[in-house]
Amino acid sequence: MTRRMGLTGNEAVALAWKQLRPHVVAAYPITPATQIVERFSEYVAHGEVDTEFVPVESEHSALSACVGAAAAGARVLTATASQGLALMHEVLYIASGLRLPIVMNVANRALSAPINIHGDHSDTMGSRDAGWVQVYARNVQDAYDRTLLAVWVAERARLPVMVCLDGFTLTHSLEPVEVYPDEAVREFVGEAPPDGYTLLGGEPITVGPLALPDSYMEFRRALAAAMERVPRVLEEGVRAFRQHFGRDLPPLVEAKGTEDADVALVILGSYADSAEQAALRGRVRGQRAGLVRVVTFRPFPAAALREALAGARDVVVLERADTLSGLGGPLGVEVRAALYGLPQAPRVTDVIFGLGGRELRDAELDALLRSELPGGVVYLGVEGAHVLEPA
Amino acid sequence: MATDWQALDRGPVIPGGSSVAYRTGDWRQERPVLDLQRCVHCMLCWLYCPDSAIRTAGGRVVDIDYDHCKGCGVCAAVCPPRANAIRMVPEGAP
C-alpha cells in the first residue's frame with residue numbers, strides 16, 4: 001500500500017535510498033544534503049538496510065569510493081551540495097567516462113565567494129558538461145520519485161545521474177509524500193545493476209586503462225552517443241515507473257499552457273510552482289502565458305523545447321545561475337541555442353534570480369510579465385540599477 | 001587503434017593482464033646483464049624490480065625478461081657487492 005507521509009526533501013531521499021537498498025553508500029555530505037546521509041546512516045545503524053556505508057574524509061574520496069564500488073558491479077548512491085560537488089569535480093568525469101551508473105542527489109546551493117549556504121543552481125551548473133545526466137526536482141514528491149527513477153535509468157543507460165533538489169526550499173521543507181511499498185520499489189529496480197561491471201568477477205578486467213591519441217576520441221564519441229540515447233531510456237523508464245507506481249513523470253520537460261502562449265516561462269526546479277501560478281495570474285489578466293519546466297537538463301531537451309516554445313512571441317527564462325560570460329545564465333544560453341534558426345524564433349529574455357537563496361516574490365514575477373520584455377539578460381530583484389522598472 | 005567508436009559502448013574496459021602483451025623493453029638505454037656464476041640467489045633483485053622482469057624458478061633466479069625490463073638499474077644497485085652478479089651495459093654494446 002502507498003502511504004502518505006510528511007517528509008522533508010532530505011528525509012524523502014533517504015527513504016528512497018533505503019528502499020533502493022544500495023550495496024554501497026560513500027559520502028562526506030555537506031549542508032544542506034547532510035541530513036540525507038545522516039538519516040540513511042541511521043537506517044544502516046538500526047539494521048534496516050544492509051548497505052556498506054563508507055564514511056570517508058572528503059567529497060573527493062566519497063565519489064572515488066563510489067567509482068570503485070560501481071566498477072565492482074555494485075548499486076551505489078551518494079549525496080552532496082555546493083562546495084562538496086565542486087571538490088568532486090575531478091572524479092565526476094571519471095565516473096561518466098567509465099560509464100558507471102552512480103546516482104547522486106545534489107541539494108542545490110550557491111558557491112563561495114562570498115560564502116553563502118542557501119539555494120541556487122551554481123553548483124550543478126558547474127558540472128553540466130561532466131557527462132552526468134541531470135534532472136531537477138519540482139517538489140519533495142518529485143525528488144523522491146526521481147531518485148527511484150534515476151537508478152533505473154542510470155543502470156540501463158550506463159551513465160551516472162544527478163538528481164538535483166533545491167537546497168532548503170526542498171531539502172528542508174516538509175511536504176506530504178506518497179511513499180510506495182518497499183516491495184514495489186524492489187520490483188522496479190531489481191537487486192543489482194542488470195549489466196554492471198564485474199571487477200570482482202571470475203574474469204580479470206582492467207577498468208580505465210590509458211587511452212592515448214589513437215583511441216581517446218573514440219571513447220569520448222561513444223560517451224556522447226550514450227548521452228544521446230538517454231531520452232529513449234527515460235521514456236522507457238517513465239513507462240515502467242507508471243506501471244509500477246501509477247504515477248506519470250514527464251521525462252524531459254513539463255509544459256503547461258504553451259499551446260497558445262504569447263509569453264512562455266522556462267524554469268528549472270522548485271520555483272516552477274511560483275512560475276506556474278504567475279502564468280495563471282497572467283491568464284486571468286487576459287495574457288496568454290504558459291510554462292515549460294525543464295526536468296532533464298542533461299542531455300539538453302532541445303527538440304522538446306523547440307516544440308513547446310516555437311509559437312511564443314516571448315520566452316522568459318528564469319534561472320538561478322550565471323555563466324559570467326556576458327551571455328547570461330546557462331539555461332538561457334542553451335534555450336537560445338535550441339531556438340536558433342527557427343522561423344520567427346521567439347525573443348528570449350534571460351532572467352537571473354534567486355542567487356544565494358534570495359527569494360523570488362510573486363509581485364516580481366507579475367511585474368515581469370506585465371513589463372515590456374527587453375530581451376537580453378536581466379538580474380531580477382537585485383539592488384541597484386534595473387533593466388526592468390517595476391510596474 | 002582501429003576500433004570504431006560504435007564498438008566502445010562498454011566504456012574503457014579491457015581484459016586483465018594486458019600489460020604482459022605490452023612490450024616496454026624497447027624503452028631501455030642500459031641493459032642488466034646477469035652472471036649466474038656469481039649470483040647467490042638472494043632474490044633482492046626480484047624483490048626490488050619494479051617491472052617484475054626478474055624471472056625465477058624454484059626460488060632461484062633464472063634470467064631477465066628483456067621484453068619488460070626498462071633498464072632502471074635497481075637490480076644492479078641492490079645486488080650484494082660481494083656477489084656483483086648484475087652489470088649495466090649500454091644497449092647496443094656487445
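**Entry 1: a pair of strands in chain A**

I started at K256(A) and found that L291(A) in β12(A) stands opposite. Next I looked up the strands around this pair: β10(A) and strand β12 (residues 289–294) of chain A run antiparallel and are joined by 4 bridges. I note here that I am reading a predicted model.

**Entry 2: the sheet around that pair**

Which strands make up the sheet, and in what order? I read β10-β12-β11-β14-β15-β16 (chain A), an open sheet of 6 strands with mixed pairing. At its edges I found β10 (253–256) and β16 (376–379) of chain A; each has a single partner strand, so one side of each is left without a neighbour in the sheet. From one strand to the next, the twist averages 20°.

Then I looked for helices on this sheet. Helix α10 (residues 272–284) of chain A packs on it and touches β10, β11 (263–267), β12 and β14 (314–319) of chain A. The direction of α10 makes about 165° with that of β12(A). Helix α12 (residues 330–339) of chain A packs on the sheet too, touching β11, β12, β14, β15 (347–352) and β16 of chain A. For α12, I noted an angle of about 150° with the direction of β14(A).

**Entry 3: a sheet of 7 strands**

I moved on to another open sheet of chain A, with 7 strands in the order β3-β2-β4-β5-β7-β6-β13 and mixed pairing. Which strands sit at the edges? They are β3 (52–55) and β13 (296–298) of chain A, each pairing on one side only. Neighbouring strands here are turned by 20° against each other on average, direction ignored.

Inside this sheet I checked strand β5 (residues 103–108) of chain A and strand β7 (residues 161–166) of chain A, which run parallel and share 6 bridges.

**Entry 4: two helices side by side**

I compared helix α6 (residues 140–157) of chain A with helix α7 (residues 182–189) of chain A: they pack at an angle of about 25°, and their axes are 9 Å apart. That makes α6(A) roughly parallel to α7(A). Which residues make the contact? I listed L148(A), V151(A) and W152(A) from α6(A), and V185(A), F188(A) and V189(A) from α7(A). By class, this contact has 6 nonpolar residues, with no polar and no charged ones.

**Entry 5: two domains**

Chain A is divided into domain 1 (3–245) and domain 2 (253–379). Their C-alpha centres lie 27 Å apart. I found 27 residues of domain 1 in contact with 18 residues of domain 2. On the domain 1 side, β6(A) gives the most, with 4 residues. That side has 13 nonpolar, 9 polar and 5 charged residues.

**Entry 6: where chain B joins in**

How many residues does each chain bring to the contact? Chain B brings 14 and chain A brings 18. The chain B side divides into 7 nonpolar, 5 polar and 2 charged residues. I also found strand β9 (residues 205–207) of chain A pairing with strand β1 (residues 13–15) of chain B in the antiparallel sense, over 3 bridges. There, I205(A) has P15(B) as its bridge partner.

Last, I wrote down the confidence values. Chain B has a mean pLDDT of 93, and 96% of its residues reach 70 or more. For the complex, the predictor gives an ipTM of 0.86 and a pTM of 0.92.

Note on methods: Residues numbered from 1 in each chain as written. Chains lettered and ligands numbered in written order. Predicted model: local features only at pLDDT ≥ 70, side-chain atom pairs only at ≥ 80, totals over all residues. Axes fitted to C-alpha atoms, helices over the stretch in contact; angles between N-to-C directions. Parallel < 35°, antiparallel > 145°, perpendicular 65-115°, else oblique. Contact = placed C-beta atoms within 7 Å. Nonpolar A, V, L, I, M, F, W, Y, C, P; charged D, E, K, R; others polar. Domains from an automatic or database assignment. pLDDT = per-residue confidence, 0-100. Pairing = 2+ DSSP bridges.
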